[in-house]
Every structure is written in C-alpha cells, then in structure tokens.
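Work through the exercises below with the structure in view. Try each task before you read its solution.

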Amino acid sequence: MHRFIQFNDKKIDSFLFMQLSDLAKTLAKNEEWEVEFGYQSYVDFVERKLLVSHFWDNRPLEDKVNGMKSDVFLRAIGSLYNTDFKEVVRFIERAKTTSIPSFSKQLFMLAEDIRLEEICKKERPGTKKAFSIRRKVYRHYFKSQLNVNLVKAVHTDALFNTIYLLLTADSPLEEVLPINEKIDLATPFIRNTLTKCFETKSTKEVADVVLELMDVLAEILDKDMLNTYFHLPENVYEREDEHSLTVDDLKRKDPLKNRDVLDKKKDGDEDIHDDRLPTWHRETSDMTKSFLQFDLEQASQTDLLGEGVREGEAGDQALAIVQGSAQKSTRKDYSKLEAYEQKRDIREGNSTNDYGKENKYAYPVFVSPDPPSAFHVAQYEKNKMVIAPYQKKLKQMIEKTLEHKKTLPRSDLHFGRLSKKLLRLLTDENPRLFYKKHQPSMQIDAVFSLLVDCSASMYDKMEQTKLGITLFHEALKSVSVPHQIVGFWEDTNEATETKQPNYFQTVISFEHSLKKASGPEIMQLEPEEDNRDGFAIRVITEQMLKRTEKQKFLLIFSDGEPAAFGYEQNGIVDTHEAVIEARKLGIEVINVFLANGEIDEGQKKTIQNIYGKYSILVPDIAELPDVLFPLLKKLLYKSL
C-alpha cells in the first residue's frame, strides 16, 4: 500500500541516537541523563536531558554526526560542569530589563558556548574534529543569513550574524559588511569589546562583557531580533524554582536507593536545630572538623524540614571506640526491611521501568484462544495442504542430518581415546590411532517464539501471514522443536497517559506446541489496533529466558514501524533497545518485514535502524512460505 502524503516523514537513526545517548551518559558521568532532539541545543536540568539541535538534520552525514556530537560535548562537558547557573539566572533578570532581551540572551549563549568550546577541546582533545566541522558549517550558515538579513533590512539579526563571524574568525582582520549608519559607527567599539570574550574564564565574566555591549547597543538598535539562533532556556530555571531544587540537587549523580514516602506528618513537637551538622557522604566527602560522621545512603521522604532531627535516646553515643577483629555478623540482615509506615503510588502501569522508560505505563494482558470452530479447522487444513511440500522437505532434510551425525565413523580419528591397534604407528605415514565412544541419538536443542504484529495495518496481509505461521508451526512440530506463537497489539480506545494495556494472544503455547491437534487456533489471529513493539519484545524475552534450551530464537512478523499511544517519536529507538537487550541475553532476534508491494528506502532504513542486518524483507506477502522455508532450515541446522 503506497502512502500518497506523509507529513513529518523524519526517521530517527536509532544507531546514531544510541551513540549520542551513550556519549552523553559517559561524559555526564550519570546514567540518568538522556539525549533528546529539539529546536535548539541546551540543557534541561529538571528533566535531566541534553537537547541536540535539529539544525543538523538534512545535512551531509559527516557534518550531521559531528555537529550532533559537538552539541553533546558542549552540554555534557561544558554546560553541565563549567557553567555557573546562578550567574545565568542573574543575567536573565538583567536581560529582561533591556529593550533587546532576545539579542542579549542569544549573544550570551553564543559567547558562553565559545568559552565552553575551548574548555571541551582542552579537556578532551578528541573533540577538536567535531568542533572544527561545527564551526565550518555554522560560519557558512551565518554568512548566508547575513546576506539575507541585509537584503531584508533586518538590521538586528544582521548585526548578530556579523558578531558570530567576528568571534569565530581565524584572522583579526575579518571583513565587516556595512549594515546601517548607527551600527557602522559603533563597529570599532563592538570589535574591541568582543575581544574580551576570548579572555573570559567564567560565566560571570561572559555576562559582564555581554552587558557592557548591551548598554551601548540598546540605544543603537531599534528592534529586537526576529530569528532565534541560540536558545537560553528560561523555563528550565523557572521550573527549578517551582520544584524548590537547588543546582546541587539537579546535578546530583547518584539517586536515592529508595523513594519511600513516610506517612509521618509534622506535629509541632519536632526538635529543630538551626545549626548545620557537617556529615560525611559521597557528595560531601571533604574532611570537616565535625566530631560526628554518618554514612547517608538510605532514607525515606517525609514532609519534615531538612534540619529536622529525631529526639535523642538514652542509648545514643557520640563516639564508641571498639578494638578487635572485623567479621561478618551472625545476626539477621535487616537491611532489606521496608519502612514500617509508607505510602506507595500504585499504578496499573510498569512503575519500575523493567520494560523501558517509554513503556512506563504499559502493562501486559494475556489472552487465551477460544476452542477452534469448525470454520477455523477447515481453513487451517487448507493452509496445511498448501505448505505440506515445504514442511515435508524440511522434515526429511533435518532427519537425514540427524541420522548422518548419529552414524558418523567413530574410529580411526586423530584425537580421542587411544586404540589398541598400534601397528599403524609403524606402517602409516599419518596414523589414525584414536576412537570415540558411540554417539547418543541427537536432538535439536532449540526453542522458538513467533511474535505476530496484529495492528490495524495488517488487515490486507493477515490471511497470507497465517499461511506462513502455519508453515512455522507444522515444520517445528514435525521435528519436535518447542515453540510458541503470540499475536500482540495495544488497545487504542483504552490507552491513556497513565494506562496502556497491551494484549498478548498466545494461540500456540510452549506446552501445546507439539500436540498433534494444535494449530487451528492460529486462524483466530486478526488485525486489531496499535503496536508497541519494544514492550512486546521485552515481555516475550522474559518468557524465553525461563526456557532451558541452548538455542533461543525470536521471530517477529511485522509490516511497519511501531505506533502506539505516546510512542511515535521514540518507538523506533525503544524497539531497537529491546532488540539489543534480548540479543545480549542470548536470544537471536530476527524480523520478517511484510509488505504488499515495493518497499521504499525509508521503510528499509527504518527496519535496518531497529534490527540491523537481521531482517528479511518480503515485498510480496504471497512469497512468505518461500522466504520462511530457508530461514527455518538455516536456524534448525544451527541448532544441531
């Protein structure tokens, strides 16, 4: 089916996204930080996100990759550790009082980024290439923007373009194009003040230079900037106030071990001390003159003030000195006890994020098949007749291979047990003096799972897909390989922001897969609603890990990219992560992409982003048995 119009047809390169994400976590030294694409590049401290600019989209691959990496470098190395956020807040308040606040804030971000760029290159010399390409692309862009703004007489934007070119010029003799009379007269002052940016060593010094420029430019410029080239995220600092968090809170690296919330309320009798008691902690590991030391690792949240302490007890001691040998306590370990009084947020969703952060509120609903009707039995028998030649051929090939392995010669070998016939040591040039015991009967030590996309887009492919599923079931059943067949979908009507039921219809279970009468239940699979592929893969992976077989294979029949409630933007990346996780756990994941017509490059790229090279494209659904036969043959041989 061809799509006539497709809006916002941008495909996320999941490999690049994962690379940027890993890079951000490594440089930030914190696994909680995430990468997200946005209109401009900045740091969101409240949500713990590093935003990479869409400016780099639709550019040559080398420029795109290095540009995005330079955004991550600037934010993870620069902004996160080398920007004074209190000074940023002060500057924002000052900028609001000027007649050109947008110009002020963008110039501040530009000057701060240039300072941070030098820090990044000094701390991480390997970033120089990315920053070199970044500067080349940006200079070309700002030169073109300068010409456009001069033609349109947008003088404030033209001045900003000129300032960027001056700050990034390789020579102090950079030519400056005339803008208008007022600005041209102030050009020597602007040039001289901008040179101070190269000497700045802190965020405060950058703010001072920009404010010095603003005092003059506010009188020269008639209008504020029209375009946004660099973004200073005021809302981040506003949300910081709303959450009553300090910058230190936002930058903490290690989360609390638990998030328990006690029911205990303030009753007015708490013993409150205004003096701070320095304590030892991973975040405050500097030595102090405090007499007491505590290891603050676990706690529960209450509404008590931070300075609140419990009342003293008679058994408390300020200091206890004990001499002796250290050894493991023989008493019970109470470290895993839950708080006596606590209140938990109970949701139907997956609150522990075991199935990925994009599936926080998704939960599985397992559906058992109905007893097959006479119609389903008749339809299944027709499918069996169609796939019978494939099934019989595959069975014969596997049986012959097993018999061959069983009857292989076990004597006259180069290694093994030493034979009693040692005369060949004298008569043969390369004597074979060893043998092995009789080999026991071989079996296929493997298990298969087949996930079938039951989204609404499968309406024109489901009948032909059932033919391929029938071949899958009958072929594995004939060679006694346990397997399961599961259709999956998400209910659109029931899905909300905090509740996303995902249905799993197990038409063939592991327990019943080898029974002679099993099979007609496959005909109950029908196109339903949306598909949350990453969640489905994780659920089935969890089931397969309980199996004891040596080889585990997970096949996924699908006809497109994932699409579910709140899953559009990150569905491809989440599914790719689920595939990688399953492969790390020893499960081979293979996708069979089903189509009814020519597969365009966008679809091919999407499938490659998710599954890598382990995907099979089927342009004509009627050819599914021809494609599935050699795949099963290869996987079964691998298990022998």
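The exercises cover a helix pair and some salt bridges in this predicted model.

**Exercise 1.** Find how the axes of helix α8 and helix α9 are oriented to each other.

*Solution.*
- Locate the helices: α8 spans residues 187–194 and α9 spans residues 203–220.
- Look at their axes. They come within 10 Å and cross at roughly 170°.
- Angles over 145 degrees count as roughly antiparallel. Therefore α8 and α9 are roughly antiparallel to each other.

**Exercise 2.** List the residues where α8 meets α9, then sort them by class.

*Solution.*
- On the α8 side, take F189, I190, T193 and L194.
- On the α9 side, take V209, E212, L213, V216 and L217.
- Sorted by class, this contact has 7 nonpolar, 1 polar and 1 charged residues.

**Exercise 3.** Describe the salt bridge between E112 and R115.

*Solution.*
- The closest N and O atoms are 2.8 Å apart. The cut-off is 4 Å, so the pair qualifies.
- Both residues lie in helix α4 (residues 101–123), 3 residues apart, so about one helical turn separates them.
- E112 and R115 are both buried.

**Exercise 4.** Which salt bridges does K461 form with D460 and D559?

*Solution.*
- With D460, the N to O distance is 3.3 Å. D460 is partly exposed, at 30% relative accessible area.
- K461 itself is buried, at 8%.
- With D559, the closest N and O atoms are 3.1 Å apart. This pair links distant parts of the chain, 98 residues apart.
- K461 sits in the loop between β9 and α14, and D559 in the loop between β12 and α16.
- D559 is buried too.

Technical notes. Residues numbered from 1 in each chain as written. Predicted model: local features only at pLDDT ≥ 70, side-chain atom pairs only at ≥ 80, totals over all residues. Heavy atoms only, no water. Axes fitted to C-alpha atoms, helices over the stretch in contact; angles between N-to-C directions. Helix = DSSP H or I, 4+ residues; strand = E, 2+ residues; numbered from the N terminus. Parallel < 35°, antiparallel > 145°, perpendicular 65-115°, else oblique. Contact = heavy atoms within 4.5 Å. Nonpolar A, V, L, I, M, F, W, Y, C, P; charged D, E, K, R; others polar. Salt bridge = Lys/Arg side-chain N within 4 Å of Asp/Glu carboxyl O. Buried < 20%, exposed > 50% of the residue type's maximum accessible area, 1.4 Å probe, protein only.
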